[in-house]
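Student: I would like to learn how to read a protein model step by step. Could you take me through the features one at a time?

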Amino acid sequence: MWKPDLGARSGPQYLRIVEAMADSISRGALAPGERLPPHRELAYQLGVSANTTSRAYAEAVRRGLLRGEVGRGTYVRGLEAQAPGDSANTLLRKCEGPIDLSRNLPFPGFAEPHIRHVLGEISSGPALSALLDYQNETDLGGHAEAGCAWLAQCGVPASPEEVVATVGAQHALFIVLSGLLKRGDLLLTESLTYMPVLAMAERLGLYTAQVETDDGGILPESVEALCKTARPRALYLSPTLQAPTTITLPDERRVALAEIALRHDLLLIEDDVFGPLKPDRPAPIATRAPEKTLYITSLSKAVAPGLRVGFVRAPARCAPALRHAVNLTAWMAPPLTLEVASRLIHGGTASTLAMQQRGLATQRKALARAVLGDTTGRADPSGLHLWLPLPEGMRADSFCLACARRDVLVTEARSFAVDASRAPEAVRLCLSHEPNEARVEKGLSVIADLLREPSSVQPLSL
């Protein structure tokens, strides 16, 4: 029986199993078509919980490493399952193979003609040479002005001294954590959160703890209680179109969190990358407590995902530390992409592209309602994903595996949970990664069929 050695690997145990599986497949220790042991048997051999190996098998299926056959078992996928040179983790949008409803990426295609035009202007103008050279904050001053303009569109006033340009929002989050927190500090997050923030915290030696949430989002009283007993340094939250739950935090809770931050000297890391997609959202928390809030935005979700331009609006006293963190991690945000972004922002194209993203999001949500009916779950017309609680008695890991067996990829709630044992039985469905609407409809139809026939969702122990 295949039994991996996990001793030299780091990270969550289920991902260590997946990585060991991938290594064994690449070395030929696990051959195409080879049957893997039932997940409960492997759990016993490794001395881990059955939930851990269940998650590992489901993730391996999602990555294309394994395939499951009802009543027979789980097998290593043959080489014919992937095209030559293809990667199971590719982010390329294809119109063949598994239907991917697991990637929360914006719609492709809107920005290309505009960026092509801007690149033409830059290439024929005098600025190109300087944009291909190293630059410092003084050289990039015009780009800070563009950041102020984009932040203003997000509802956050800022001066150039308060704006730090980054290589996307994820880079922004990392420089905030590394630049303003120190090893041993406590970082609070929502109970279901953006998982890379937990990996960053672990890498930086930060402690993490979850705050309680309900159907309205984060509970301020939970934050208050932790401030009194645990003395956290910062709270990370995504208050608009939260991934994965789609919740937009109401104004009264935003006000309460701002007051708590001021009262307890708590830094608020407000990740508002989806904010430009929802024009009717409440005012950002940064407008309530600007001296305590690090506001993160980017152009990835609303304009072009590959542009990789983000901005942090920081209190003036924090900005130098963030600029130093940028210097340590990337030296500088690439001047050429910043120039492209600046021209899109100043010319009004960025706002137009965000409006087009919202329009197609609304269209895809209408499609989901038509296919899923009463089982649509929680969805916001402006958002790129929906949150689907499963019927009573149905496990999310088994549901994800049943979807993967039918070539549809979705993500279970445990993938976002700070405490996996308390994760709800729910899945996130992303409607914008797939460019072909017919494939989205087909994937939703598979999900609807599984929800109507719970007996077709087999347990993971085969």
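This is a predicted model: local features need pLDDT of at least 70, side-chain atom pairs count only at pLDDT 80 or more; totals for chains, interfaces and linings use all residues.

Student: How many bridges join strand β5 to β6?

Tutor: In general, two strands pair if DSSP finds at least two bridges between them, and the names come from DSSP runs numbered from the N terminus, with helices being H or I of at least four residues and strands being E of at least two. Here, 5 bridges join β5 (residues 186-190) to β6, and the two strands run parallel.

Student: In what order do the strands of the open sheet of 7 strands come?

Tutor: The order is β4-β12-β11-β10-β9-β5-β6, and the pairing is mixed. At the edges stand β4 (163-166) and β6 (207-211), each with a single partner strand, so one side of each is left without a neighbour in the sheet. Neighbouring strands of this sheet are turned by 20° against each other on average, direction ignored; here axes are lines fitted to C-alpha atoms, for helices over the stretch in contact, and angles run from 0 to 180 degrees between N-to-C directions.

Student: Which strands does α9 touch where it packs on the sheet?

Tutor: Contact means heavy atoms within 4.5 Å. By that rule α9 touches β5, β6 and β9, and its direction makes about 145° with that of β6. Helix α10 lies across β9 and β10 (267-271), running at about 145° to β10.

Student: Which residues of helix α2 are buried?

Tutor: A residue is called buried under 20% relative accessible area, exposed over 50%, and partly exposed in between, using a 1.4 Å probe and protein chains only. In α2 (residues 39-46), the buried residues are His-39, Leu-42, Ala-43 and Leu-46. Seen down the axis of α2, they fall within an arc of 105° (taken from the directions from the helix axis to the C-beta atoms), so they line one face of the helix. These buried residues pack against α1 (13-27) and α3 (50-62), whereas the face turned away from the buried side carries the exposed residues Arg-40 and Tyr-44.

Student: Is Leu-241 buried or exposed?

Tutor: Leu-241, in the loop between β9 and α10, counts as buried, at 1% relative accessibility. Its phi is positive, about 50°, although Leu-241 is not a glycine. Arg-231 also has a positive phi without being a glycine, of about 55°, but Arg-231 counts as exposed, at 73% relative accessibility.

Student: Where is the cis peptide bond that involves Pro-244?

Tutor: That bond joins Ala-243 and Pro-244, with omega about 20°, and Pro-244 is found in the loop between β9 (234-237) and α10 (251-264).

Student: How many disulfides does the count come to?

Tutor: A disulfide is a pair of cysteine sulfur atoms within 2.5 Å, and by this rule the count comes to 0. For Cys-154, the nearest cysteine sulfur is that of Cys-148, 12 Å away. For Cys-227, the closest cysteine sulfur, in Cys-318, is 17 Å away, too far for a bond.

Key: Residues are numbered from 1 along each chain as its sequence is written. Side-chain values use heavy atoms; hydrogens and water are left out.
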